[in-house]
Amino acid sequence: MKKILVTGGLGYIGSHTVVELQNSGFEVIIIDNLSNSSLNVLEGITSITKKPPIFERLDLRIKADVIDFFHRHEQIAGVIHFAASKAVGESVEQPLHYYENNISTLIYLLQECKAHGIHNVIFSSSCTVYGEPDRLPITEEAPVKKATSPYGNTKQISEEIIEDTCEVDPQLKCIALRYFNPIGAHHSAMIGELPVGVPQNLVPFITQTAAGVRKELSVFGNDYETSDGSCIRDYIHVVDLAKAHVVALERLLQNNNTSNFEIFNVGTGKGTSVLEVIKAFETVTGTKLPYKVVERRPGDVVSVYADTTKANEILGWKAERSMEDALSSAWKWEQHIRNI
Ligand code: NAD
Ligand code: WQD
């Protein structure tokens, strides 16, 4: 059984990936400092997979603790690095926190991977690196645009750090997965997204509104140059995204990579507007969602969706779940955590 370290493994995408890894026969060790998650997630994972992953509460910013961890855990075959802070608005307010948490943790991990001969690393990147794209759908060759937030910048810098490190260490193999917009939850409703405070992302705001926690959804603009005037995104079911990590990891473990730093878009390839998401949610749940159209949100790009050809053909991975599946699972999860 190959041992995989998953940092941030109690978070939203990490927890779903831990389930898929365990279901694929990997032994999982999770590191998480619980800054944006809780121990209940460990129970949720265990109730799905019936085997508790190993868990260490550890802050990856504390270099001595990271060093100590790798001394205590031998034979790690690969690392999937999710741990980071991810709120775009907060990163504008607290740039140093974001640079410290998202950059120093990556550096310490890569240093220990080198020290312990761990050659396989998957990194959570983001479609945010493309900014407002010149062409749609977006391929991996599209230029990385100047980041509009410290958060976005941490993803660009992280990719550069990985690329530079791979350049001088041919034994190291890394894949950066550029996620589009992950939504939904595990169909069991045992794990899902747990936003702290008022959700900034569309789908958690929708489900909280439907649950009566929020009065109404604000749609940020309907005067964009799109079919219905609202912004377009590529919403990917979190379980499909989780499975992409398993496939990418296996590619590295089997030495099937063609270069030691590879980048893949992970999306569905389909763009959906905000108003279409609302309509789909209403159809799936049979409820009317209260919403109003308000001003545009500063910093929003108009339209973003992935060209997934590279992931489809080279990774052999394809998103399989529909928008309807994703929204109904997100709603089931919201009902579960609200006891409704
Ligand atoms: P999340 O906040 O749910 O998960 C991150 C986890 O990392 C949390 O459990 C948190 O407690 C932990 N963590 C943070 N800092 C840590 C530290 N210093 N030491 C140990 N643990 C730490 O976020 P997520 O949505 O699951 O995102 C996972 C990764 O994917 C992040 O790197 C994020 O930037 C990236 N990403 C997310 C999205 C998205 O829309 N959710 C899109 C693109 C990329
Ligand atoms: C989606 C659409 C909003 C909330 C963010 C990060 C990005 C990446 C994914 C990490 C937009 C609209 C939203 C609301 C709305 N994360 N909206 N009312 O902005 O595409 O991407 O998450 O890497 O870096 O920026 O996602 O879910 O916030 O917004 O109308 O209350 O929904 O304007 O068009 P976004 P989102």
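## Ligand 1

Of the 27 residues around ligand 1, the nearest are Asp32, Asn36, Lys86, Asn101 and Tyr151; a residue counts as near a molecule if one of its heavy atoms lies within 4 Å of it. The model is predicted: local features need pLDDT of at least 70 and side-chain atom pairs count only at pLDDT 80 or more, while totals for chains, interfaces and linings use all residues. Residues are numbered from 1 along each chain as its sequence is written, chains are lettered from A and ligands numbered from 1 in the order in which they are written, and side-chain values use heavy atoms, with hydrogens and water left out.

Polar contacts here are pairs of N or O atoms within 3.5 Å; within protein, one atom must be able to donate a hydrogen and the other to accept it, and residues adjacent in sequence count only if both atoms are side-chain atoms. A polar side-chain atom of Asn101 lies 2.7 Å from a nitrogen atom of ligand 1. For Lys155, a polar side-chain atom is 2.9 Å from an oxygen atom of the ligand. Ser35 takes part through its backbone, where a polar atom is 3.1 Å from an oxygen atom of ligand 1.

## Ligand 2

Ligand 2 is surrounded by 18 residues, of which Ser126, Tyr151, Ser218, Arg233 and Asp300 are the closest. A polar side-chain atom of Asp300 lies 2.5 Å from an oxygen atom of ligand 2. An N or O atom in the side chain of Tyr151 is 2.6 Å from an oxygen atom of this ligand, and for the side chain of Asn181 the corresponding distance is 3.0 Å.

## Helix pair α1 and α2

Helices (H or I, at least four residues) and strands (E, at least two) are DSSP runs, numbered from the N terminus. Axes are lines fitted to C-alpha atoms, for helices over the stretch in contact, and angles run from 0 to 180 degrees between N-to-C directions. The axes of α1 (residues 12-23) and α2 (residues 40-49) come within 10 Å and cross at roughly 30 degrees. That makes α1 roughly parallel to α2; angles under 35 degrees count as roughly parallel, over 145 as roughly antiparallel, 65 to 115 as roughly perpendicular and the rest as oblique.

In the contact (heavy atoms within 4.5 Å), Ser15, Val18, Val19, Gln22 and Asn23 of α1 meet Val41, Ile45, Ile48 and Thr49 of α2. These residues divide into five nonpolar, four polar and no charged. Ala, Val, Leu, Ile, Met, Phe, Trp, Tyr, Cys and Pro count as nonpolar, Asp, Glu, Lys and Arg as charged, and the others, Gly among them, as polar.

## Helix pair α7 and α9

The axes of α7 (residues 202-210) and α9 (residues 274-285) come within 11 Å and cross at roughly 40 degrees. α7 is therefore oblique to α9. On the α7 side the contact is made by Leu202, Val203, Ile206, Thr207 and Ala210, and on the α9 side by Val274, Val277, Ile278 and Phe281. The residues of this contact are eight nonpolar, one polar and no charged.

## Backbone geometry

Most residues other than glycine have a negative phi, and most peptide bonds are trans. The peptide bond from Leu136 to Pro137 is cis, with omega near -10 degrees. Pro137 is found in the loop between β5 (120-126) and α6 (150-168).

Asn255 is not a glycine, yet has a positive phi of about 55 degrees. Asn255 is found in the loop between α8 (238-253) and β11 (261-266).
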